[in-house]
Amino acid sequence: MGFFSSLKRLWRSDKSDESAEHSAASASALPASEENASEGATSIDTPPIGNSAPATNTVSDQPEPSSEKKLPTADIADSPSESHALPTFSASAGWQEPLLVSLREAEPRLSVWLSLALEGLGPDARTGDALWERIRFLLIALGAPKDEAENFVRDFAAWAERMEYEEVADFRSELQYRLALALELEDEEDERNRLFLKLNEGLARTREHLGKGLTALFSSHGDLNEDFWEELEELFIMADMGVEAATGLCKRLRERARAASARTPEELRPLLATELEAIFRIPRRVVAVNPPEVVLVIGVNGVGKTTTIAKLAYRAHMQGKKVLLAAADTFRAAAVEQLGIWAKRTGSGFHSKGQNADPAAVAWESMDIAIKGHYDIIFIDTAGRLHTKSNLMDELTKIRDVIARKHPGAPHRSILVVDATTGQNALQQTKIFKDAAGIDEIILTKLDGTAKGGVAVAIAMQYGLPITYVGLGEKMEDLRPFNGDDFAKALLGQD
């Protein structure tokens, strides 16, 4: 939706212009979206459990008949899309005028706007028409086209019903996360703070080991002598950075210390944070692709690959993209069924040929469906047997070749999912998959339950691969964009 910059200008505008803006907004209507999002709904058929014959799951672009009751439509006059002015309020809804005034006067932060929207429902707010009307009003007030606001509310209401949530307090965090994605406000300061707190909690066990070790080491040495550097290297190794990364990091720190004329450990501390930030810095790259964007997801069994795909699909869907999931992991028992379930939950299309089918054939057919169905992005799940199996690597190479022949330039991204709790084994997986199948980026999962978070440093240093997301829990909102600055601060226990 991308209206945040213009919203901030609105909030800084002279309050004396508000009445003129209201009358201008009510005088013209926002043009309807060219494509109704409901027309892209897909029907998904997952293979039955225990069916010995491979089943073919196809994707239809026709919407399924909905049994959901129609949600009420707020009486809001749409504003001109060119200026993204706020909507006028309806005289029939007494809460809209004061809420609109409060929104315009409030600090421009999503958490503040959401609090104001929910304020009138009381501390025990529950799902229902009153809630959905306020969420719809908030979205349109923040510049969302009316049809997108309607689709957001409809999707979220259906999700809350499936999850059997009734009290707003039970899902408020999820609601704010979805709003941030839909409104492209994930980089907003408030969302960054929420992410940092989550990251800080996730790295608690790693920080307890590394942070305490650094504190003890820095306090026990008065200068940067050879003993200090040897002990620092040992500490890095114990934090699961590995010998090569630990040695390389110490070498780079020595160079920084000389350049900054640092002579004491305390003078070195901020230089360590700066060096970690530099290691994690993601280089700029061309992000434009010839649609559909093809994402190949690889990794060994047990790292959380399939659920990570679901979280990526969920993010893409909330950003308004049409998503297709391809079940090319045909070897693991129930892998196809599991991905099909996630496709339904995330509102994604789904294609498979059943268990034990040829993975390359699944990829080929899925590409055909994605191109003909005008999908924005396709995530291809792949087999994840032990990384020591050469035939698995050969299969991944075959899938890449098939995709490239079907869609020039694809796959646009190859993501390796790595379990942070495996420590040095994660390094070995990265090396083998990088050499055999090619990797563009890393997603580090289960970072909330390990004392081996230092492996992230080793992966970034030894292989020069960007870490794009980190998994900090089981919820959909717990897969968050990786920020090297925040990670360095959380790892070292800095605010």
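The largest nonpolar core in this predicted model has 96 residues, and L232, F236 and F379 touch the most other members. Helix α10, which spans residues 226-260, gives the most to this core, contributing 13 residues. Apart from neighbours within four places in sequence, L232 is in contact with L214, L217, C250, L253 and L268. There is also a second, separate core of 43 residues, and W132, I140, A160 and V168 are among its members.

**Strand β4**

F379 also belongs to strand β4, where F379 points one way together with I377 and D381. I378, I380 and T382 point the other way, and the residues of both groups are buried. In general, side chains in a regular strand alternate between the two faces of the sheet. Strand β4 covers residues 377-382, and because six of its six residues are buried, the strand is largely enclosed by the rest of the structure.

| Strand | Residues | Sense of pairing with β4 | Bridges | A bridge pair (partner in β4) |
|---|---|---|---|---|
| β1 | 293-298 | parallel | five bridges | V297 with D381 |
| β2 | 323-328 | parallel | six bridges | L325 with F379 |

D381, the bridge partner of V297, points the same way from β4 as F379.

**Helices α5 and α6**

Two packed helices are described by the angle between their axes and the distance between the axes. Helix α5 (residues 129-141) packs against helix α6 (residues 146-162) at an angle of about 145°, and their axes are 9 Å apart. The crossing of α5 past α6 is right-handed. On the α5 side, the residues that meet α6 are W132, I135, R136, L139 and I140. On the α6 side, they are K146, A149, E150, F152, V153, F156, A157 and A160. Of the residues named here, W132, I140 and A160 are also included in the second core.

S352 is found in the loop that runs between β3 (349-351) and α14 (359-372). Is this residue buried or exposed? S352 has a relative accessible area of 0%, so it is buried. A polar atom of the S352 side chain lies 3.5 Å from the backbone nitrogen of G354.

Key. Residues numbered from 1 in each chain as written. Predicted model: local features only at pLDDT ≥ 70, side-chain atom pairs only at ≥ 80, totals over all residues. Heavy atoms only, no water. Helix = DSSP H or I, 4+ residues; strand = E, 2+ residues; numbered from the N terminus. Buried < 20%, exposed > 50% of the residue type's maximum accessible area, 1.4 Å probe, protein only. Polar contact = N/O pair within 3.5 Å; in protein donor to acceptor, adjacent residues only side chain to side chain. Core = buried A, V, L, I, M, F, W, Y, C linked by side-chain atoms within 4.5 Å. Contact = heavy atoms within 4.5 Å. Pairing = 2+ DSSP bridges. Axes fitted to C-alpha atoms, helices over the stretch in contact; angles between N-to-C directions. Left-handed = near helix turned anticlockwise from the far one by under 90°.
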